[in-house]
Amino acid sequence: MAWQMNSERPIYSQLYDKILVRIVCGIYKAGNRLPSVRDLAAEANVNPNTMQRAFAELEHSGLIVTQRNSGRVVTEDRTKIESARHQLALTQVNSFIANMRELGYSDQEIMDLIQSIVG
């Protein structure tokens, strides 16, 4: 099944984000080999060159490593993975707060709402 993409951002950037989430969630585990560019491109229903660009960005960020004769693997640097996970969480929280403020909620009302949900 094709991955859901939108026209608001470059496709390679969206692919980067989707693979990043798979890494930080442990779907692609530290030290494990990633599917090939062609396999993931077929799964996402995108051009292999676009997937290659997403892989290049992930490699540039240090989250994946190319190993000769082994393909690409997820970094074993768990600190780097946890840092990426933390950054994703901050992005989500900041987006949530901005959306709530746009709805007219004060910071205290946002905190009260969160507290009522999480206990």
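Ten residues of domain 1 are in contact with five residues of domain 2. That is the place to begin. Keep in mind that this is a predicted model.

**Stop 1: colour the two domains.** Select residues 11–76 for domain 1, then 79–118 for domain 2. Give each selection its own colour. Taken over C-alpha atoms, the centres of domain 1 and domain 2 lie 27 Å apart.

Stop 2: How much area do domain 1 and domain 2 bury between them? About 580 Å². Carbon and sulfur atoms account for 86% of that area. Now select Leu20, Val24 and Leu63 in domain 1. These three lose the most area to domain 2. Together they make up 57% of what the domain 1 side buries. How many salt bridges are counted between domain 1 and domain 2? The count is zero.

**Stop 3: find the largest pocket.** Select Arg9, Asp17, Val21, Leu88, Thr91 and Gln92. Show their side chains. These residues line the largest pocket, which holds about 160 Å³ of space. Rolling a probe the size of a water molecule over the atoms shows where empty space is left.

Stop 4: Select helix H1 (11–24) and helix H4 (78–102). Each gives two or more residues to the lining of the largest pocket. Which element gives the largest share? H4 does, with three residues.

**Stop 5: colour the lining by type.** How do the lining residues of the largest pocket divide? Two are nonpolar, two are polar and two are charged.

**Last view.** Show everything together. Domain 1 and domain 2 carry their own colours, and the six selected side chains mark the lining of the largest pocket.

Terms used:
Residues are numbered from 1 along each chain as its sequence is written. This is a predicted model: local features need pLDDT of at least 70, side-chain atom pairs count only at pLDDT 80 or more; totals for chains, interfaces and linings use all residues. Side-chain values use heavy atoms; hydrogens and water are left out. On a 1 Å grid over the protein atoms alone, a cavity is a set of points where a 1.4 Å probe fits but cannot get out, and a pocket is an open set with protein on both sides within 12 Å along at least five of seven lines; lining residues have an atom within 4 Å of a point. Grid points are joined across faces, edges and corners, and a volume is the space filled by probe spheres set on the points. Helices (H or I, at least four residues) and strands (E, at least two) are DSSP runs, numbered from the N terminus. Ala, Val, Leu, Ile, Met, Phe, Trp, Tyr, Cys and Pro count as nonpolar, Asp, Glu, Lys and Arg as charged, and the others, Gly among them, as polar. Domain bounds come from an automatic or database domain assignment. Contact means heavy atoms within 4.5 Å. Buried area is the accessible area (1.4 Å probe) that two parts lose on being put together, summed over both. A salt bridge is a side-chain nitrogen of Lys or Arg within 4 Å of a carboxyl oxygen of Asp or Glu.
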